[in-house]
Amino acid sequence: MGVERMAGSNPEFGMAEPGQWITHDHDDLKHLNCVFTRVHWPQDKRVLDYCDQHGILMQSEIPAWGYDTFAEMGAEPDSDIMQNALEQ
């Protein structure tokens with residue numbers, strides 16, 4: 001059981017989420033019996049720490065997606081895309 005949580009969804013905080021809000025959101029995940037969450041960009045260390053401490057598996061996708069990222073690319077990724085993927 002899992003959900004995708006989008007950081008920055010609360011208009012009061014945007015991407016500058018306080019620790020209390022991170023805990024609030026992830027407590028909701030635990031209340032829903034979630035053991036998995038997926039995100040599309042690197043997360044705040046506090047999010048990763050919460051997930052580690054509460055048994056939630058985090059799938060963090062590298063920020064390389066969509067048609068524009070791969071348009072006109074051959075069978076091998078461009079070097080900048082590959083470097084970004086390795087860093088992530």
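This is a predicted model: local features need pLDDT of at least 70, side-chain atom pairs count only at pLDDT 80 or more; totals for chains, interfaces and linings use all residues.
Three strands build an open sheet here, in the order β1-β2-β3, with parallel pairing. Residues are numbered from 1 along each chain as its sequence is written, and side-chain values use heavy atoms, with hydrogens and water left out.

- From one strand to the next, the twist averages 20°; axes are lines fitted to C-alpha atoms (for helices, over the stretch in contact), and angles run from 0 to 180 degrees between N-to-C directions.
- Strand β1 (residues 2-4) pairs with β2 in the parallel sense over 3 bridges, and T37 in β2 is the bridge partner of V3.
- On the other pairing, β2 and strand β3 (residues 57-60) run parallel and are joined by 4 bridges.
- Bridge partners in β3 include Q59 for R38 and S60 for V39.
- In a regular strand, side chains alternate between the two faces of the sheet.
- Strand β2 (residues 36-39) has T37 and V39 on a covered face, while F36 and R38 are on an uncovered one.

**The crossovers**

- β2, helix α2 (residues 45-54) and β3 make up a right-handed β-α-β unit.
- Right-handed here means that, with the strands pointing away from the viewer, the path from the first strand over the helix to the second runs clockwise.

**How α1 meets α2**

- The axes of α1 and α2 come within 10 Å and cross at roughly 35°.
- Their crossing is right-handed: the near helix is turned clockwise from the far one, whereas a left-handed crossing has it turned anticlockwise by less than a right angle.
- On the α1 side, the contact (heavy atoms within 4.5 Å) uses G19, I22, T23, H26, D27 and K30.
- From α2 come R46, V47, Y50, C51 and H54.
- Those contact residues split into 4 nonpolar, 4 polar and 3 charged; Ala, Val, Leu, Ile, Met, Phe, Trp, Tyr, Cys and Pro count as nonpolar, Asp, Glu, Lys and Arg as charged, and the others, Gly among them, as polar.

- P42 is in the loop between β2 and α2, and it counts as partly exposed because its relative accessibility is 47%.
- The cut-offs are under 20% relative accessible area for buried and over 50% for exposed, with partly exposed in between (1.4 Å probe, protein chains only).
- Leaving aside residues up to four places away in sequence, P42 touches S60 and Q88.
- The C-alpha atoms of P42 and I62 are separated by 7.7 Å, and the two residues are 20 residues apart along the chain.
- Q88 lies in the segment after α4 (79-87) and, at 44% relative accessibility, is partly exposed too.
- Q88 and E61 are 27 residues apart along the chain, with 8.4 Å between their C-alpha atoms.

How values were computed. Helices (H or I, at least four residues) and strands (E, at least two) are DSSP runs, numbered from the N terminus. Two strands pair if DSSP finds at least two bridges between them.
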